[in-house]
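Subject: Structure for your review

Dear colleague,

Please find below the sequence and the structure that I am handing over to you.

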Amino acid sequence: MSEHLHLYEYPNFLSPSECQQLLDIPLAQFKRGRTVDTGRATAEAVHDARTSTTLTLPADKQALFYQWVAERLPSVWYNNDHEPTQLARYTEGQKYDYHHDYFDEAALVSDNANAPKKQRTWTLL
């Protein structure tokens, strides 16, 4: 790990009722996780390195989640400067191998409005 890594823990970041709202999303809506791959015809690809399932929150849940985060992290949460929020689900044996999130922005080709458009500078887990 980098000696310059900034890692913060926020215990009880979401309330039990907020967590429950996310847990109530039907599992059938989760699909195999994709990764950015500039070497393919589209920016997103399924890889063996990522075996979890993911879900991009629907618009109504996005707005609600943004509100929750903005209330708790106003100094780092810029409402217009982030990717759509995804939930990741891991079951026993699933993984997301070590990887880098850097990619050549000019090489991205995607019809998906949720596809990354620029580099990720931070991650909220």
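Please bear in mind that the model is predicted.

I begin with helix 2, which covers residues 59–72. This helix has 14 residues, and the distance from its first C-alpha to its last is 20 Å, close to the 20 Å expected at 1.5 Å a residue. Five names should be noted here: Gln62, Phe65, Tyr66, Trp68 and Val69 are buried. Viewed down the axis of helix 2, the buried residues fall within an arc of 160°, so they line one face of the helix. In general, an α-helix has 3.6 residues a turn, so residues three or four places apart point the same way. The buried residues of helix 2 pack against helix 1 (16–23) and strand 4 (53–56). On the other side of helix 2, Asp60 and Glu71 are exposed.

Strand 1 is joined to strand 4 by 2 bridges, and Lys31 stands opposite Thr54 in strand 4.

Finally, Ser52 lies in the loop between strand 3 (44–45) and strand 4. Is Ser52 buried or exposed? Its relative accessible area is 0%, so Ser52 is buried. Beyond its neighbours within four places in sequence, Ser52 is in contact with several residues, including Lys31, Arg89 and Tyr90.

Yours sincerely

Key:
Residues numbered from 1 in each chain as written. Predicted model: local features only at pLDDT ≥ 70, side-chain atom pairs only at ≥ 80, totals over all residues. Heavy atoms only, no water. Helix = DSSP H or I, 4+ residues; strand = E, 2+ residues; numbered from the N terminus. Expected span 1.5 Å × (residues − 1). Buried < 20%, exposed > 50% of the residue type's maximum accessible area, 1.4 Å probe, protein only. Arc of directions from axis to C-beta. Contact = heavy atoms within 4.5 Å. Pairing = 2+ DSSP bridges.
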